[in-house]
Amino acid sequence: MAEQYQVSGGTAAEISASIEAGVVRGDWIFGAALPPVRVLAGTLHVSPATVAKAYQELRQRGVVETEGRRGTRVRARPPVELSRSALRLAVPENVLDLSSGEPDLRLLPPLGPALRAIAESIGPPQGYTSAVTMPELVEAARARLLADGVPVEQAAITVTGSTLDSVERLLTAHLRPGDAVAVEDPGWANLLDLIAALGMRVLPVEMDDHGPSPASLAAALHAGARAVMITVRAQNPTGAVVGAVRSGELRDLLAEHPEVLLVEDDHAAELAVEPPHVIGPVTRRWAFVRSASKPFGPDLRIAVLAGDETSVARVAGRMRIGTGWVSTLSQRLLLQLWRDAEATGWIREAARSYGIRRAALIGLLRERGVTASGAAGINVWVPVPDETHAVAVLRDAGYAVAPGARFRVASPPGVRITIGPLDGPDLPALAEAVVAAARPVAGTVMR
């Protein structure tokens, strides 16, 4: 904390607002310790219970965290104004944006034909009591998941607004503020923000090309993880794919922790060529989430959530007292796209195109002595000695990439390159620029 900054307030709300305002302004150093409860209470002439309540409010908002004997500290990256999402840099004019993580908009199937088809077949307007998860969508989803080897014969299925919507509802259904969640590292920036905003703790799990490291996950479970998040394929940002062997290793490990919530993320869905090697159901609480955003478009805000009956019922019940349901118009649109042979063809072509571009870029980098990963999906991850230097070098060369700090907890630095905007002729020049960006900087030490 800056020496001149003083916490003020006479109520818990005023004290918490004062501390949060200081964090937002930068008066507190990330990871800095807050004064002990009794010390601050004496300074402000309030009861210790008032300060304790203020700290509790800050924990629930994800601004601070409590670490046993280390006391209460400012979270390394608070999740609201100072979220990881806010670390996305502005893209200057005449710079190709490879930082967004978005699919190639040119490869998204046109929605016009599907919209016209459902407009012609739509029934009477839906009311509050009749607008629910469509049974025909549920059965179509079950059939598609079974065809991919996802064991949902007896699973409950519902639909939510997105993968992150599903994850938030699952975590709040089973966990409480302060609970620990085992998360891939590097991993999805929005998920790290969400866990912080819920007042929960991240336990990082090391990644390789085959997914989460069993040894690292075992350590997280031993440290008290109440939930485990695993991306089955096209992991963001590394592109890792969980293979059959790794899936079996993780399944054996989680079988020893039956009370842990296991959430498997299949955000790439139809865009992934590799089959999903699913780990669950192996614990009592398990969910498998498949989003429509990557293959069909980010604006189609819908995801299929399959899992054990209790978890899915809690998610559906919480939706009923909030958003209520996912629009049946969106549900009908997704169902129509699944049934449309032309749309299916668009997705196959997109998957083929991503695979060609990804493999070409990784190959060009490896020929030049630079390691990169991206077994599936729309991103390539490149380890670098210094992220700031790498981002700056690439920006000067005409490319905006995402700094790895958005995705990392304890893993070494890197940058994420989204291949969506790239065409074949772009790749050699980009590879040369990445090689320059990945060169060690004098005085830099790899962590």
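1. Which backbone oxygen lies 3.2 Å from a polar atom of the side chain of Q331? The backbone oxygen of V132 lies at that distance, a polar contact (a pair of N or O atoms within 3.5 Å, one able to donate a hydrogen and the other to accept it, with residues adjacent in sequence counted only if both atoms are side-chain atoms).

2. The model is predicted: local features need pLDDT of at least 70 and side-chain atom pairs count only at pLDDT 80 or more, while totals for chains, interfaces and linings use all residues. Residues are numbered from 1 along each chain as its sequence is written, and side-chain values use heavy atoms, with hydrogens and water left out.

3. Q331 belongs to helix 12 (residues 328–339); helices (H or I, at least four residues) and strands (E, at least two) are DSSP runs numbered from the N terminus. Q331 has a relative accessible area of 0% and is therefore buried (under 20%; exposed is over 50% and partly exposed in between, with a 1.4 Å probe and protein chains only). Setting aside residues up to four places away in sequence, Q331 touches V132, T133, M134, L137, V159, I302 and V326 (contact means heavy atoms within 4.5 Å).

4. An open sheet of eight strands has the order 4-11-10-9-8-5-6-7, with mixed pairing (two strands pair if DSSP finds at least two bridges between them). Its edge strands, each pairing on one side only, are strand 4 (156–160) and strand 7 (211–212). Strand 10 (residues 285–291) and strand 11 (residues 303–307) run antiparallel and are joined by five bridges; S291 has A303 of strand 11 as its bridge partner.

5. A further open sheet contains three strands in the order 12-15-14, paired antiparallel. Strand 12 (379–383) and strand 14 (402–403) are the edges, each pairing on one side only. Five bridges link strand 12 to strand 15 (residues 414–418), and V380 has I417 in strand 15 as its bridge partner.

6. Helix 6 (163–174), helix 7 (189–197) and helix 10 (293–296) each contribute at least two residues to the lining of the largest pocket. Its lining residues comprise five nonpolar, 12 polar and seven charged (Ala, Val, Leu, Ile, Met, Phe, Trp, Tyr, Cys and Pro count as nonpolar, Asp, Glu, Lys and Arg as charged, and the others, Gly among them, as polar).
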